[in-house]
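The model is shown below.

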Amino acid sequence: MKGRNIVLLILLILFIDQALKFWVKLHMPLSEDWDQYHAMLTPYDRGLRPLGKSWFQVYFVENSGMAWGWELGGSWGKMALTLFRLLAVVAGVFILRNFIQKKYNRGFIICAALIFAGAAGNLIDSMFYGIIFDESNRFHVAQLFPPRGYAGFLHGKVVDMLYFPVLKDKLLPGWIPFMGGERFTFFSPVFNIADASISTGVIAILVFQRRFFKKQDDMQHTVVETNTTVNDNVQVS
């Protein structure tokens with residue numbers, strides 16, 4: 001697997017991820033309290049926000065912490081999380097290079113590149129978005145390079161937008177333990193391309209781990225040829 005191809009794959013994912021985030025950030029208000037905001041839109045606007053059909057929509061939410069909205073708490077917690085991401089991405093450069101040099105399974109290297117690209121994509125948000133954008137809310141679309149950003153360096157929010165409610169507000173059967181009789185939506189999280197890249201890489205490694213980590217037979221059988229005559233008179237020591 002050539003390192004150049006892996007670099008191109010990572011750059012492609014980063015470009016798609018950042019391009020979509022920039023478009024959403026510069027064209028859409030935050031989607032919180034959407035029903036109330038939707039009532040104030042013109043018919044033209046209703047056709048634009050949110051985008052998509054009932055089973056796939058483009059919303060705009062911001063995540064201050066980790067996946068699923070978890071947070072470490074406060075400004076210092078946000079900084080610690082971003083620094084951890086930065087260290088992980090820097091370490092990932094050397095780890096990925098090591099995989100390529102040691103000629104790991106091609107599929108495994110691609111999965112590792114997907115995970116790396118996703119981590120780097122969300123890191124860019126956390127490091128720079130607070131500086132280059134002003135604050136987004138449900139009545140204001142963010143501006144690029146304002147006089148003052150909404151947060152400092154390392155305190156940016158991760159932009160999420162992809163929503164796939166394939167099954168929406170369904171009633172679970174009563175016989176299901178703990179959750180029976182409750183309503184649920186599948187798939188409920190709102191995510192981005194970087195999240196999808198990480199998830200794809202991790203899931204593929206779990207599914208194809210036997211193929212990726214198949215043990216090589218290191219036993220080498222050597223045939224030694226000799227011109228020595230073998231008979232009952234030859235002493236074997």
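Which residues in α1 meet Ile-193, Ala-194 and Ser-197 in α6? They are Ile-13, Ile-16, Asp-17, Leu-20 and Lys-21, contact meaning heavy atoms within 4.5 Å. By class, this contact of α1 with α6 has five nonpolar, one polar and two charged residues. Nonpolar covers Ala, Val, Leu, Ile, Met, Phe, Trp, Tyr, Cys and Pro, charged covers Asp, Glu, Lys and Arg, and the others, Gly among them, are polar.

The model is predicted: local features need pLDDT of at least 70, side-chain atom pairs count only at pLDDT 80 or more, and totals for chains, interfaces and linings use all residues. Residues are numbered from 1 along each chain as its sequence is written, and side-chain values use heavy atoms, with hydrogens and water left out.

| Helix pair | Axis angle | Axis distance |
|---|---|---|
| α1 and α5 | roughly 40° | within 9 Å |
| α1 and α6 | about 145° | 8 Å |

α1 (residues 3–27) crosses α5 (residues 106–132) at roughly 40°. That makes α1 oblique to α5 (angles under 35 degrees are roughly parallel, over 145 roughly antiparallel, 65 to 115 roughly perpendicular, the rest oblique). The contact of α1 with α5 has 16 nonpolar, three polar and three charged residues.

Leu-96 touches Ile-6, Ile-10, Ile-109, Ala-112 and Ala-113, not counting residues up to four places away in sequence.

Technical notes. Axes are lines fitted to C-alpha atoms, for helices over the stretch in contact, and angles run from 0 to 180 degrees between N-to-C directions. Helices (H or I, at least four residues) and strands (E, at least two) are DSSP runs, numbered from the N terminus.
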